[in-house]
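Subject: Structure for your files

Hello,

Here is the structure you are taking over. My notes on what was found follow below it.

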Amino acid sequence: MLCDLNILFPVTEFNEKISINQLNELKNTINVAEQLGYTHIALNFRPNLTNSNSNSNSNNNNNKFKISNDLNKINPININKDFKEYLNRIKIFSRITIKIDDPSQCQNISKFQQIFDIVSIEPINEKSFQSAISNLEIDLISFNLQERLPCYMKHKTLCSAIEKGIFFEFKYTDFLNNKNRAQVISNIKQIVRASRNRGMIISSGCNSNKPYQLRNFNNVIPILKMINIDSNRCNMMFKDWSLKVLLNGRLRCKSYKQTILISGDDNLIDNKLENNNWNYENLENINNIKQSLNSYKKRKSDTSLNRILKKQK
Amino acid sequence: MDRSNAIEHLLLSRCAKYNGSGEIIKFLEQRYSFTGPQKNYLVLEPTDGGQYLIDNQKEEQKASANAKDFLSVKSKQSNASKDNKYNGLKTKNEFKKFVQQSLKLQDSVAKKLHKLCKKNPKILKQDVIELKICSGILKFEDFIEMNNLWKNYMKELLQNCKTIDVATSKLSSAEFVGSYFRVTHCTCPDNIGLEGIVLWESQTYVLLIIPRRNNWKDNISSNNNLEIPYTAKECLGGLRMIPKKKTRFTFDVEVDDEHSIEFEFIGDRMGIRSLDRANKKFKSHNVKDIDL
């Protein structure tokens with residue numbers, strides 16, 4: 001099971017809908033990913049949240065910043081409607097990446113937790129990085145590796161994050177860029193050193209209009225080996241650890257604090273039965289259509305209990 | 001006095017002492033007054049008791065002997081183990097003992113059956129519970145009523161639940177005794193595929209009672225026209241103690257007559273007694289111990 005948890009979704013606004021051109025490009029990219037052998041991909045939605053510091057022209061900013069209370073309208077990634085043909089070929093999940101520079105911006109994150117499969121955060125300064133690790137229930141932390149890291153990576157902070165189950169993400173498209181390659185390598189080396197070779201995943205981070213940026217699993221491994229990651233860990237970064245991120249996110253959606261979860265599909269992270277059709281006319285009056293129980297209804301299966309009851313009759 | 005005292009009047013009239021009814025009425029009036037010469041008291045003289053006394057003494061002796069025995073047993077136990085958690089009188093320990101005994105019995109009977117089936121291979125084809133050696137084994141059929149009770153309880157609990165988070169949070173503090181569990185993931189391969197009614201849920205294990213011969217092998221053989229032989233243990237059924245660690249169970253909750261919703265019980269995260277679970281505030285943890 002190969003995972004690629006970062007294929008950029010072309011839409012950058014909450015209320016915007018994906019155009020047909022963009023959708024076709026995205027589908028091309030997904031097809032390429034499928035050809036390269038990936039089985040689980042996540043579409044990464046990166047909303048343009050403006051800085052809360054620049055409150056000067058407040059009217060404009062507030063309008064942009066406002067997120068509608070109707071949870072059904074937030075997620076632009078409509079897996080059931082737009083990506084129907086991939087149902088049995090490749091597993092598609094939704095992911096949101098939020099840039100934060102101020103811990104006070106994090107109130108919205110609890111909303112996103114129910115709507116997106118994976119919630120990841122891109123901290124811009126040290127304060128937000130610390131608060132993301134200690135306070136928030138998130139799955140992934142990604143950095144903009146082309147620039148300097150927000151702070152010096154300490155063993156203690158990173159290891160506490162890994163202990164909690166938060167993973168760190170590298171994007172291999174950063175290497176393909178001719179700009180700042182040295183910076184990217186030094187940044188990754190810092191994270192590898194501080195995390196003690198654990199708790200990292202690698203993803204493509206490719207734009208939907210540039211499918212040629214996608215690489216096969218075997219082509220990425222030499223780059224990782226260059227940074228002194230052994231081949232077993234390279235494997236884990238693509239497979240096991242990426243699945244752990246997915247599992248963490250999916251359990252948040254499907255279960256109550258990982259105790260009792262809804263089942264009926266193949267495994268813990270599957271979203272075959274889930275209702276992801278956000279534009280669906282909301283007949284059931286449910287705040288969040290993804291949490292609807294109706295799509296999980298199935299015919300009673302023939303258990304041995306039923307057989308015995310029939311016999312008794 | 002308004003009382004006529006008819007009976008007494010009649011009795012006294014037979015008496016030679018009184019001549020005429022006037023005298024009798026006078027006497028009777030005095031009889032029930034507080035000031036008259038006669039007083040209305042009854043004298044009870046002590047008797048030796050006769051047969052009644054002997055019986056009483058015997059009974060008393062018996063009772064005291066019983067009490068002495070009881071006290072001596074009690075005092076022995078209480079001296080040896082005051083507040084001992086292994087005390088045999090505790091219900092919990094009695095239950096434990098019963099479970100251990102029935103598990104032991106099951107094992108020995110299964111061994112005997114295995115030996116018997118070498119001599120007589122047809123013995124496992126029939127319903128083994130009718131054999132004489134299986135008389136002490138617990139039957140699955142006796143516990144079906146428990147499952148019906150649990151179904152009603154679930155109907156009440158999940159009446160107005162429309163979303164996953166509400167339903168699962170309610171279920172996480174629900175009681176599972178009586179539900180029909182299937183083991184889907186377990187480190188012990190023998191346990192995988194077991195189905196049965198939950199008799200008891202403790203901190204570390206779930207006690208299932210499983211039916212005879214009716215398990216996953218039936219499903220395979222009906223689909224593929226294969227016949228997979230049942231082992232002696234599977235033919236016997238009975239109690240199974242399944243650890244919660246590294247185990248996942250699934251169970252169905254009925255929605256209406258034809259449809260049901262499947263839920264999954266993650267044993268790693270439910271390692272807590274059902275009593276404490278009702279008030280527990282759960283937290284998400286690192287998922288490194290949960291496999292897909």
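How many residues does the contact take from chain B, and how many from chain A? In this predicted model, chain B gives 42 residues to the contact and chain A gives 41 residues.

On the side of chain B that touches chain A, the elements that give two or more residues are helix 5 (144–157), helix 6 (164–172) and strand 6 (259–266) of chain B. Strand 6 of chain B gives the most, with eight residues. By residue type, that side of chain B divides into 18 nonpolar, 13 polar and eleven charged residues.

Strand 6 of chain B also pairs with a strand of the other chain: strand 10 (residues 298–299) of chain A is its partner, in the antiparallel sense and over two bridges. Within this pairing, Arg299(A) has His259(B) as its bridge partner.

Now to chain A by itself. Chain A has an open sheet of seven strands with parallel pairing, in the order 1-2-3-4-5-6-7. Strand 1 (3–8) and strand 7 (200–203) of chain A are the edge strands, each pairing on one side only. On average, neighbouring strands of this sheet are turned by 35° against each other, direction ignored.

Strand 3 (residues 91–100) and strand 4 (residues 118–123) of chain A run parallel and are joined by six bridges. Ile98(A) has Ile121(A), in strand 4 of chain A, as its bridge partner.

Helix 11 (residues 240–254) of chain A lies across strands 1, 2, 3, 4, 5, 6 and 7 of chain A, and runs at about 70° to strand 1 of chain A.

Regards

Key: Residues numbered from 1 in each chain as written. Chains lettered and ligands numbered in written order. Predicted model: local features only at pLDDT ≥ 70, side-chain atom pairs only at ≥ 80, totals over all residues. Contact = placed C-beta atoms within 7 Å. Helix = DSSP H or I, 4+ residues; strand = E, 2+ residues; numbered from the N terminus. Nonpolar A, V, L, I, M, F, W, Y, C, P; charged D, E, K, R; others polar. Pairing = 2+ DSSP bridges. Axes fitted to C-alpha atoms, helices over the stretch in contact; angles between N-to-C directions.
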